[in-house]
Amino acid sequence: MSFVSQSCLLEEKDICRTSKDFTDDVSKAVKYFLPTEIAVHNTEIDCWISYHDVVYDLTDLCKIWANKREIKPILAYAGKDISHWFDHEKNDIKHYIHPVTGVLVPYCPHGPIPDVTPSVVPCSTWRPLDKCPWWLDEKYKKGYLTKNARPCRILNVLVGVQVIIMNFVKVCEEDSIRRIQERALIYNENGKSYTWKFEGKDLNIDLTLTENGIPDERDRFVACGLPEDYYIPCLMCYYNERSNNNTDE
């Protein structure tokens, strides 16, 4: 790496460090998302992407660079993963040695992108980026990409076994029961007024499915020659009438 490139990289990390310090304290509150959830945010006015298992909302960046050439590669990959743009070890945009100039320059196979100097020829007017580049800026961070999307069923016991508010839906392995409750609100707005149980035992809503003793057994089923959906855990929701009456009062 050239001295100029090293200096630029150090400056960028210094600029971003302050922002990262503030976000470290709240990292535990960041949500996890399924790839399918990211895929629906694929427009100029609602643009999410993921890389290095982190989800970013680049909608504001799209507004800043609206109608400019540099934003087109990001819009083309809206709702998708762009990890192949980045060096996993350095957590930075990939670079390569230009075959003509011999200069270390950013690798942008899809065209120029925001916060990347387009020039590949050394010149006296070159200046390092005076701000944190978007791929290191924590303000765009939305959450994390789940390590495992697992199936789950949720049954509303109040209205009978034939009404299932979420049938074979996938949730994040890292989701707590509380987060799964939030996901279920689109099916039942009173979902938090229920006691959630599994096999007759109350679930700790601050723990994940696995932490509540409900492991993902799909690999075991496949190893035994069974289909991976041979058994899908079913969470049972029991309505809390007393809790609802207290709310009405």
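A charge is taken to sit over a ring if NZ of Lys or CZ of Arg is within 6 Å of the ring centre and within 35 degrees of the ring normal. Lys68 meets this rule, lying over the face of Trp65 at 5.2 Å from the ring centre. The charged end of Lys80 likewise sits over a ring, that of Tyr77, 5.7 Å from its centre.

The model is predicted, so local features need pLDDT of at least 70 and side-chain atom pairs count only at pLDDT 80 or more, while totals for chains, interfaces and linings use all residues. Residues are numbered from 1 along each chain as its sequence is written, and side-chain values use heavy atoms, with hydrogens and water left out.

Rings of Phe, Tyr and Trp (its six-membered ring) pair if their centres lie within 6.5 Å; planes under 30 degrees apart count as stacked, over 60 as edge-to-face and the rest as tilted. The count by this rule is 12 aromatic pairs. In one of them, the centres of Phe86 and Trp134 are 6.2 Å apart and the planes stand at 80 degrees, so the pair is edge-to-face. Phe86 belongs to strand β5 (residues 86–87), whereas Trp134 lies 48 residues away in the loop between β8 (104–106) and β9 (141–145); strands here are DSSP runs (E, at least two residues), numbered from the N terminus.

Buried means under 20% relative accessible area and exposed over 50%, with partly exposed in between (1.4 Å probe, protein chains only). Phe221 is therefore buried at 13%, and Tyr230 is exposed at 54%.

Technical notes: Helices (H or I, at least four residues) and strands (E, at least two) are DSSP runs, numbered from the N terminus.
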